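Subject: Structure for you to look at

Hello,

Here is the structure I said I would pass on. My notes on it follow below the display.

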Amino acid sequence: MKIKVIYRCSNCGSESPRWLGKCPKCEEWNTFEESESQPKTMSSQSKRKTYPKKLSDVLAGNSDRIVTSISEFNRVLGGGIVKDSIIILTARPGAGKSTLLLQVADDVASKGYKVLYASAEESDSQIKNRSDRILKESKSDIWIYSDTSMNHVLASIEELDPDLIIIDSIQTFTLDEHNSRPGSPIQTMECASELLKVAKNSKRPRAVIMVGQMTKDDEIAGLRALEHLVDAVLILNGENGEELRGAWCSKNRFGSTGEIGFFSMTEQGMLSIDNPSEFFMTQRGQGQTVSGSALAVIKEGTRPIIVEVESLVSKSFAPYPSRIAECLRRDQLNTLISILEQRGKINLYDKNIVIKTTGGLQLREQSVSLAIIMCIVSSVKDKAIPNDIVFVADVGLTGELKKVPSIEARIREIDRMGFKRVYVAKNTVRDASRFKNLKIVELNTLYEVIMDLNMKPAKADNEFHIIEELN
């Protein structure tokens with residue numbers, strides 16, 4: 001049989017009958033490599049093993065799960081690891097991917113499952129050193145294998161018959177059948193396809209978790225087809241040097257993609273933050289209050305979380321005062337400051353303003369607008385807001401308070417945490433009498449909130465009042 005020579009792009013995998021300097025698909029230069037391709041024989045109709053079925057005749061699988069003791073990890077995946085699923089975990093270097101997966105392997109092994117941890121990036125001794133640092137003791141049902149050959153990994157799977165397989169990372173393994181470098185789209189996709197066959201074996205289903213390298217554009221390295229191939233794409237966020245880590249699924253065939261799990265990166269590994277509302281607030285004693293602090297409620301997935309917003313307002317001696325926001329977009333902060341100046345009647349043209357959140361959580365919801373404004377008011381007036389008050393409302397350009405989604409769930413979390421008062425927009429709560437220990441204050445405008453908290457702007461704060469005094 002005659003062997004056909006083709007040229008394949010090492011970046012995107014596209015093929016060409018002749019060498020090209022620039023790939024027409026990914027537009028990369030000098031990426032075409034020569035390879036041999038043998039014609040495939042067409043399989044006959046009689047060789048088919050499966051035939052189409054009516055949807056009503058198909059038996060639904062029970063999708064059994066391996067429920068770990070790491071509650072935040074279970075939450076993100078929809079209740080645990082599905083036994084015949086293939087998951088890819090990606091994050092920036094140093095975010096804690098390998099640490100988290102080693103802890104998952106330890107927890108799964110403690111429940112009687114056999115785990116194979118295959119790494120092409122670290123040696124056996126490096127994995128052992130990490131294990132000694134973050135795990136109390138090494139489980140006998142965790143098997144370590146360090147090699148770059150996926151063929152050897154597949155042979156080890158057949159030999160050990162593990163229940164959970166962890167691959168770190170998929171871009172560093174190669175198959176002998178394909179003559180291309182590690183990390184190329186061909187090698188990555190073919191290795192992932194072999195693992196998919198292992199996970200979806202009807203006679204012996206297994207769970208597979210792959211580590212996927214992340215590019216500088218914060219995307220999984222390789223073809224987008226890799227994300228389509230797996231059942232779940234788990235993304236771990238977190239900057240080097242910061243304690244907080246957040247995990248969420250951009251794709252999940254067995255659960256919601258809106259859930260987010262929080263972890264604390266410590267010397268003992270990744271610790272699950274089971275009650276985020278306590279983590280994102282400063283714990284103060286009874287009656288202890290500080291100016292420049294306000295509480296809001298955000299919603300991550302199906303879970304409401306109480307978060308503390310802090311502000312620092314200082315005198316500016318520059319023509320253009322500083323506006324610094326570590327937890328939200330600067331344009332959003334400037335909009336809220338303009339609303340406060342015009343509708344709240346407090347001038348901030350000569351003030352530096354800095355905003356941040358406790359724990360470093362990013363604020364993306366409009367429901368925190370009122371809390372951000374009120375923490376600025378508290379800082380300007382140097383008057384503390386009682387620590388049993390929470391703000392849950394958006395603020396329009398007119399200064400009116402606006403409704404926010406899932407207000408009932410947010411108020412239930414506030415009531416559960418023992419707060420006494422919450423400020424919301426008018427006609428937001430259907431039946432306020434259900435919350436016996438929580439006073440719900442429904443107001444129309446931002447100015448009414450400022451007045452209700454006895455933070456009335458001084459006359460000098462409003463240019464209109466200054467004009468009246470001069471007259």
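Lys54 counts as exposed because its relative accessible area is 61%, and the cut-off for that label is over 50%. The model is a predicted one, so please read every value here as computed from a prediction. Lys54 belongs to the loop that runs between strand S3 (32–37) and strand S4 (65–66). Its C-alpha atom is separated by 48 Å from that of Thr428, a residue 374 places away along the chain.

Ser169 is also in a loop, the one between S9 and H5. Is Ser169 buried or exposed? Ser169 is buried, because its relative accessibility is 0% and the limit for buried is under 20%. The side chain of Ser169 makes a polar contact of 2.8 Å with the side chain of Glu121. Apart from residues up to four places away in sequence, Ser169 touches Glu121, Val211 and Gln213.

Next, helix H4, which spans residues 150–160. Its buried residues are Met150, Val153, Leu154, Ser156, Ile157 and Leu160. These lie on the same side of H4, because the arc they cover around the axis is only 155°. Glu158 and Glu159 are exposed, on the face of H4 turned away from the buried side. The cover over the buried residues includes strands S7 (115–119), S8 (142–146) and S9 (164–168), together with helix H5 (185–199). At the N-terminal end, H4 is capped by Ser149, which has a side-chain oxygen 3.4 Å from the backbone nitrogen of Asn151. Just after the helix, Asp161 has a positive phi of about 55°.

On the aromatic residues: a pair of rings is described by the distance of the centres and the angle of the planes. There are three aromatic pairs in the model. One of them, Phe262 with Phe280, is edge-to-face, at 5.2 Å centre to centre and with 75° between the planes. This pair links distant parts of the chain, 18 residues apart: Phe262 is in strand S13 (residues 260–266), and Phe280 is in the loop between helix H7 (276–279) and strand S15 (293–300). Phe262 and Phe280 are both buried. Another pair, Phe391 with Tyr423, is stacked, with 5.5 Å between centres and 20° between planes. It too links distant parts of the chain, from Phe391 in strand S19 (residues 389–391) to Tyr423 in strand S22 (residues 421–425), 32 residues apart. Phe391 and Tyr423 are buried. Phe262, Phe279 and Phe280 make up one aromatic cluster. Separately, the charged end of Lys345 sits over the ring of Tyr447, at 4.6 Å from the ring centre.

Phe391 comes up again in the nonpolar core. In soluble globular proteins, nonpolar side chains tend to be buried together. The largest nonpolar core here has 49 residues, and the members that touch the most others are Ile355, Leu370, Met374, Ile376 and Phe391. Helix H9 (residues 369–381) gives the most to this core, eight residues.

Regards

Methods
Residues numbered from 1 in each chain as written. Predicted model: local features only at pLDDT ≥ 70, side-chain atom pairs only at ≥ 80, totals over all residues. Heavy atoms only, no water. Helix = DSSP H or I, 4+ residues; strand = E, 2+ residues; numbered from the N terminus. Buried < 20%, exposed > 50% of the residue type's maximum accessible area, 1.4 Å probe, protein only. Arc of directions from axis to C-beta. Contact = heavy atoms within 4.5 Å. Polar contact = N/O pair within 3.5 Å; in protein donor to acceptor, adjacent residues only side chain to side chain. Phe/Tyr/Trp six-rings, centres within 6.5 Å; stacked < 30°, edge-to-face > 60°. Lys NZ or Arg CZ within 6 Å of the ring centre and 35° of its normal. Core = buried A, V, L, I, M, F, W, Y, C linked by side-chain atoms within 4.5 Å.
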